[in-house]
Amino acid sequence: PIERPLRLPGKGALDAELGAGGVALAETAYGDTLHESSRSLLKLWFAWLKESASASQWREQAALLGKQNAAVTRRQQLGDAARLDSVQSEAALAQAEAQLAQASVRQQTAGEDLRRRFPGLPVVAPAALSEPAAIAGSEEEWVNALLEHSHELQLARQEAKQARVFAGRSSHDRLPDPTVGLQVSRERAGEERIIGAYVSIPLPGTARRASSDAALAMADGAARREAAAQQKITAEAVALYQSAQAAVASWQASRHAGERLGRAAEMTARAYQLGEGSLSDLLTARRLANEAQLASRLAQLDALELRYRLLLDAHRLWDLDRE
């Protein structure tokens, strides 16, 4: 006998839709992987920039304290400075050199991590950092842009759609597909040839109904996951936008403080040179200025990182949709 199953009307279209949905899911998953790799690159790049900024700041501080220590040592030799001043100056220099050594190790570690994760990437610090600008556009515009380009949300939506189609396909399977057969036989020692055709239709049972009910439950779960994903990503988008906006104001305040404390340290240094202040006051002023200037550098990098993360998630930094 020769048999051939026949699909009932409507099942073929659903099977084609399931196949197309699987391809779309794979493409979105690829885009999500590419996006996550881009996020990782951005994070590691700025981690290295921050460690480089820290090392640079401590290098400048160590050089400044080195010159100051040489001047104090010379003044002591001439009898114009106490031994205590020399000890305090040497201690401040040693602390700065220790901080520089630690910062240099962190910079090297961050750079090596970046090279290993992204081989071939030229790890070269830019000559100058751009000043963070205020984020143009309203919160609603950015949130909508981030939702539109969120691969995580697209995956949740496509999975929910795929689950609905699969539930519909399972519902159609409650009515089994028939099988058409053709049979040829001979009787009376080959004198008679009998050709028969038949149709076989299985009787549906509880297994098909249970499978359909399970598919409906899975579709309901996928729909709930889609709703949860949209809420989560919306909250993350709002937080990212607000953080990027606030980081610019924070950097501006930090830069202002660093400039003020830097001028104060210079004025204290001139006063000390003229014999109108103590070395302790000068070292305190240098320390405060260094801390403020380092905080300003890191705040600038934080603001830039948040801005670029916002642009990246909205697909405005790199073209992540190119095939």
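**Contacts along the chain.** I began with contacts, meaning heavy atoms within 4.5 Å. Among those between residues at least 6 apart in sequence, 81% join residues at least 24 apart.

**Ground rules.** I am working on a predicted model, where local features need pLDDT of at least 70, side-chain atom pairs count only at pLDDT 80 or more, and totals for chains, interfaces and linings use all residues. Residues are numbered from 1 along each chain as its sequence is written, and side-chain values use heavy atoms, with hydrogens and water left out.

**Overall form.** I looked up the secondary structure next and found six helices and three strands (DSSP runs, H or I of at least four residues for helices and E of at least two for strands, numbered from the N terminus). Their order along the sequence is β-α-α-α-α-β-β-α-α. I then checked the radius of gyration, taken over C-alpha atoms. The chain has 36 Å, while a compact globule of 323 residues would be near 20 Å; that rule is 2.2 Å times the number of residues to the power 0.38. The C-alpha trace spans about 135 × 45 × 35 Å along its principal axes.

**Burial.** I use buried for under 20% relative accessible area, exposed for over 50% and partly exposed in between (1.4 Å probe, protein chains only). Buried residues come to 35% of the 323 in the chain.

**Ser 170.** I found this residue in helix H4 (residues 151-172). Ser 170 counts as buried because its relative accessibility is 6%. Leaving out residues up to four places away in sequence, Ser 170 touches Ser 211, Ser 212 and Ala 215.

**Aromatic pairs.** My search of the whole structure gave two. Rings of Phe, Tyr and Trp (its six-membered ring) pair if their centres lie within 6.5 Å; planes under 30 degrees apart are stacked, over 60 edge-to-face and the rest tilted.

Trp 45 and Trp 48 have ring centres 5.3 Å apart and planes at 45 degrees, so I logged the pair as tilted. Both lie in helix H1, three residues apart, about one turn of the helix. Trp 45 is partly exposed at 21%, whereas Trp 48 is buried at 6%.

Phe 46 and Tyr 308 form a tilted pair too, 6.0 Å centre to centre with 40 degrees between the planes. I noted that this pair links distant parts of the chain, Phe 46 in helix H1 and Tyr 308 in helix H6 (residues 279-313), 262 residues apart. Phe 46 is buried at 3% relative accessibility, and Tyr 308 is partly exposed at 26%.
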